[in-house]
Amino acid sequence: MFNRIKNRVLTVVAPDQPALPAGPGHQAYGGGAGTAGSRTGSANRDYDAAGGGGGKRLPKKFQYARPPFLQLLTYDELKASADHNVRPIIVPRDISLLPWSTGYAECVNSGKSKWNEDQAAFHRQVLSHPSRQYHDLPYTYFGIYDGHAGYGAALAAANQFHYILHEKLVDVIDLLMPRVEGDGGGLALHATLPHPSLFHKQVSKDELIVGALEAAFADMDAVLAEDRDKYRNAGGCTALVALFILGKLFVANAGDSRGVLCKRVRRRKLLPVYHRAERNGTGEEEEGEKEVKKEEKGEGGEDEYEVVAEPCSFDHTPDTERPRLLTVGKHNPALLGGEYIAMEYAKKPTTKDLGARILYRQGAMKGWTYKTLTATDLKIPLITGVGKRSRLLGTIGVTRGFGDHDLKALGSNLPIKPFLSAHPDVVCFDLAQVRSEPADENSDGEYGILVMATDGLWDVSESQQVANTVFGTLKRFPAERHRYTMVAQELVARSRGRANESGHWRLSDSRAAATVDDISVIVIPVHQYYQEYRAWTQTVAARNRVRSAAAKEVAAVPEAAVLARDQPGAPGADLSSESSESEPPEEAQEAENNLNTINVPPAAGKPSAPLGLADALPAK
């Protein structure tokens with residue numbers, strides 16, 4: 001049985017594991033959360049078991065599982081993937097299930113919870129207008145969710161978020177999609193827009209997509225709130241989402257998972273200053289002059305390039321969100337329950353300091369000022385600790401994400417949710433602005449490799465270290481079909497480290513402690529999406545040309561009939577006719593202008609064979 005399980009589990013970067021006992025069957029597993037995650041205290045250890053509903057035993061909305069593209073379908077496979085002693089690194093057995101040869105790898109924690117509480121998802125969708133007045137618009141979504149105090153919230157987000165996002169994109173489908181030209185199927189230039197009111201502000205497509213992401217995050221959190229009395233959606237989770245649409249990359253983040261766009265770009269060279277070589281009677285050039293000429297000839301090799309890590313998200317912890325949290329506490333003192341104080345002090349105050357002046361700040365203050373210390377100031381600060389060790393109300397170490405609706409502060413009954421937020425920060429990258437040189441064969445470096453990972457990776461790895469590992473691994477395997485999966489596996493292996501004789505996990509290249517948290521990593525080659533997008537724009541342009549030609553042929557028939565009717569002696573030649581086209585309504589004209597040229601057909605004089613979105617689609 002062990003050999004069969006070992007082959008099915010795919011990749012195990014660890015010593016051999018013992019044979020597994022027979023499982024009770026696929027329907028029997030799932031269990032509680034075990035101990036709470038590192039972000040919350042032990043008081044919530046049975047959070048998953050209770051699951052809300054006043055302690056009632058509620059059903060699960062989703063049965064525990066790993067991401068579908070891993071194809072871990074049986075209880076034995078799931079049990080093997082969650083071995084806390086071995087911590088196997090799991091990768092997809094069939095990379096064709098993921099688009100663009102995208103890489104993925106994951107690893108379970110060292111024992112803080114029974115199951116891996118991370119979840120990952122991807123979906124490829126098409127926006128289709130029911131009236132067929134628009135071309136179909138494809139998009140691809142990736143999501144990674146880091147659960148805490150149970151896997152329920154992360155599992156629910158992985159199974160439901162893409163439906164919510166699709167619904168939000170459908171809401172603005174009329175403004176996002178390119179019009180179909182010709183054959184009378186599309187709307188005329190001055191047609192009345194299907195909207196109840198006029199726009200009084202300029203609205204861009206980017207803002208519509210950002211708004212769809214923000215609204216989807218809010219609705220996902222609301223779904224978890226509604227389900228807490230119906231299902232066991234335990235705990236909460238962070239959310240990191242990447243959306244590829246209209247030739248752009250949108251990254252939305254709420255929590256401390258992180259997205260980094262790893263690039264390999266040419267170094268910026270300063271203009272060389274030439275100095276006459278001092279020959280000293282030897283007739284040789286100076287070494288510095290040789291190096292300058294060598295670089296000019298392009299012989300610098302790898303020294304011509306540098307690896308950079310461009311941030312796509314920013315961590316949301318009590319430390320990074322201190323001004324927002326202190327402001328909430330300042331304006332809502334009832335949330336502090338008389339036990340906490342929404343202030344930050346330059347030094348920890350003690351009873352000996354009563355009556356003395358002490359530096360403090362509160363709310364959105366960026367600077368410090370003095371106040372006289374009173375007994376009230378000796379209450380517990382709303383935020384304790386710094387960096388990754390900071391805690392809100394002494395309990396949770398992440399301040400944005402989904403769920404946590406029933407989470408209470410340790411040692412009190414104060415709800416924490418009013419301080420938390422599901423609102424994401426959204427970053428947009430326009431891939432059409434990338435300057436690419438095909439001769440360099442550096443597409444991955446120019447467009448970047450997007451690394452999305454939970455904090456299990458970032459706890460022990462800096463963004464620049466990750467970027468160096470990405471391109472170092474790609475260099476070793478330049479033609480390997482699974483190269484992006486190998487990158488993800490390498491990143492997980494480095495952050496997981498190895499277990500020493502005492503059973504403690506240590507980084508392989510040092511004696512420092514490795515991460516003991518769940519680790520999930522997605523590695524996306526952005527250039528491969530952009531190639532797919534360019535092919536789509538060319539298809540749209542070709543269809544527009546065909547439809548335009550057909551429309552002209554149809555229009556030529558009535559014109560010939562009019563000429564025949566106007567012939568002398570033809571019946572009805574002296575009858576007057578009214579124009580078939582009416583003047584556009586002024587309100588419709590204003591609405592079109594205020595839409596920032598959204599969905600306006602290309603102007604006359606454009607090239608007949610567009611090469612990209614700027615020619616194939618209306619300008620933004």
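**Overview**

Reply: The secondary structure of the protein chain comes to 15 helices and 21 strands; helices (H or I, at least four residues) and strands (E, at least two) are DSSP runs, numbered from the N terminus. This is a predicted model, in which local features need pLDDT of at least 70 and side-chain atom pairs count only at pLDDT 80 or more, while totals for chains, interfaces and linings use all residues. Residues are numbered from 1 along each chain as its sequence is written, and side-chain values use heavy atoms, with hydrogens and water left out.

Me: How many of the residues count as buried, in percent?
Reply: Of the 620 residues in the protein chain, 46% are buried. Buried means under 20% relative accessible area, exposed over 50%, and partly exposed in between (1.4 Å probe, protein chains only).

Me: What should I know about helix α4?
Reply: Helix α4 covers residues 152-171, and its 20 residues reach 28 Å from first C-alpha to last, close to the 28 Å expected at 1.5 Å a residue. The expected span is 1.5 Å times one less than the number of residues.

Me: Where does α4 bend?
Reply: At Gln160, by about 45°. The bend at a residue is the angle between axes fitted to the seven residues ending there and the seven starting there.

Me: Why is α4 called largely enclosed?
Reply: Because 14 of its 20 residues are buried, α4 is largely enclosed by the rest of the structure.

Me: And α6, which residues are buried there?
Reply: Among them are Leu208, Ile209, Phe217, Met220 and Asp227. The cover over the buried residues of α6 includes α4, β5, β6 and β17 (425-430). That cover is counted by contact, meaning heavy atoms within 4.5 Å.

Me: Changing topic. How many salt bridges are there?
Reply: The structure holds 25. A salt bridge is a side-chain nitrogen of Lys or Arg within 4 Å of a carboxyl oxygen of Asp or Glu.

Me: Which residue does Asp227 pair with?
Reply: Its side chain meets that of Lys61 in a salt bridge (2.6 Å, N to O). The pair links distant parts of the chain, with Lys61 in the loop between α2 (47-50) and α3 (75-81) and Asp227 in helix α6, 166 residues apart. Lys61 is partly exposed at 26% relative accessible area, whereas Asp227 is buried at 5%.

Me: What does Glu532 meet?
Reply: Glu532 and Arg124 form a salt bridge through their side chains (2.4 Å, N to O). Glu532 lies in helix α13 (residues 526-565) and Arg124 in strand β3 (residues 118-127), so the pair ties together parts 408 residues apart in sequence. Glu532 is partly exposed at 34% relative accessibility, and Arg124 is partly exposed at 43%.

Me: What about Lys388?
Reply: Lys388 and Asp256 meet in a salt bridge between their side chains (3.4 Å, N to O). Lys388 sits in the loop between β14 (383-384) and β15 (391-392), and Asp256 in the loop between β6 and β7, so the pair ties together parts 132 residues apart in sequence.

Me: Is Asp256 buried or exposed?
Reply: Asp256 is buried, with a relative accessible area of 3%.

Me: Last topic. What is the phi of Leu246?
Reply: Near 55°, a positive value in a residue other than glycine. Most residues other than glycine have a negative phi. Leu246 lies in the loop between β5 (236-245) and β6 (248-254), and is buried at 8% relative accessible area.
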